[in-house]
Amino acid sequence: MNATVEIDFLGQCNSEKIGSTYWSSTGGQAEFCIGSRMAKGGKGIICLHSTTKNDEVSKIVPMLAPGIPVTTSKNDVDYVVTEHGVAKLRGKTVRERTQELIRIAHPKFREQLTDEAKKIGYLL
């Protein structure tokens, strides 16, 4: 299990940067997720809080902002956990990943995230 700062609808994890400030480094997150998938019965789990700044900012976002590093690629994330549930991403389409992540987002942001997903063509 590893933690991330934010995740986008594709399942890309930014585990290093908050705004313009580097908060952490990559550590071994990518290798851990790859190793988990390669291990017999292994499952890579990424956890994060659904919001920050007193529930004013969603940590599940449509797309990572320009200049934000992708610490762990979408292809290496199996499960994502927030305080609102578990999203299984492995083997899912972009639409399915988006739906899974919106489902575990803070309820306050689900409608907004759904609208944004429709605008960028991830949901119909």
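## A quick tour: sheet, salt bridges, helix and pocket

Three strands make an open sheet in the order β3-β2-β9, with mixed pairing. Two strands count as paired if DSSP finds at least two bridges between them, and helices (H or I, at least four residues) and strands (E, at least two) are DSSP runs numbered from the N terminus. This is a predicted model, where local features need pLDDT of at least 70, side-chain atom pairs count only at pLDDT 80 or more, and totals for chains, interfaces and linings use all residues. Residues are numbered from 1 along each chain as its sequence is written, and side-chain values use heavy atoms, leaving out hydrogens and water.

- At the edges sit β3 (13-14) and β9 (60-61), each pairing on one side only.
- Strand β2 (residues 6-8) runs parallel to β9, and the two pair over 2 bridges.
- D8 has V61 in β9 as its bridge partner.
- As background, strands of a sheet pair through backbone hydrogen bonds, either parallel or antiparallel.

**Salt bridges**

- The count comes to 5 salt bridges, taking one to be a side-chain nitrogen of Lys or Arg within 4 Å of a carboxyl oxygen of Asp or Glu.
- D76 pairs with R37, and their closest N and O atoms are 2.6 Å apart. This pair ties together distant parts of the chain: D76 is in the loop between β9 and β10 (79-82), while R37 is in helix α1 (residues 29-38), 39 residues apart.
- D76 counts as buried at 13% relative accessibility, whereas R37 is partly exposed at 29%. Here buried means under 20% relative accessible area, exposed over 50%, and partly exposed in between (1.4 Å probe, protein chains only).
- K108 and E56 meet through their side chains in another salt bridge, at 3.1 Å from N to O. K108 is in helix α3 (residues 107-119) and E56 is in the loop between β7 (51-52) and β8, so this pair also links distant parts of the chain, 52 residues apart.
- K108 is partly exposed, with a relative accessible area of 45%, and E56 counts as exposed at 52%.
- R90 forms a salt bridge with D78, with the closest N and O atoms 3.7 Å apart. R90 lies in the loop between β11 (85-88) and α2 (94-103), and D78 lies in the loop between β9 and β10, 12 residues apart.
- R90 is partly exposed at 40% relative accessibility, but D78 is buried at 1%.
- K92, E100 and R103 are joined in a network of salt bridges.

**Helix α2**

- R97, T98, E100, L101 and I102 are the residues listed as buried in α2.
- The buried residues of α2 pack against β2, β9, β10, β11 and α3, with contact meaning heavy atoms within 4.5 Å.

**The largest pocket**

- The largest pocket has a volume of about 390 Å³. On a 1 Å grid over the protein atoms alone, a pocket is an open set of points where a 1.4 Å probe fits, with protein on both sides within 12 Å along at least five of seven lines.
- Grid points are joined across faces, edges and corners, and the volume is the space filled by probe spheres set on them.
- Its lining holds 21 residues, with V5, I18, G19, T52 and K59 nearest the centre; a lining residue has an atom within 4 Å of a point.
- The elements giving two or more residues to this lining are β4 (17-18) and β8 (57-58).
- By class, the lining has 11 nonpolar, 6 polar and 4 charged residues. Ala, Val, Leu, Ile, Met, Phe, Trp, Tyr, Cys and Pro count as nonpolar, Asp, Glu, Lys and Arg as charged, and the others, Gly among them, as polar.
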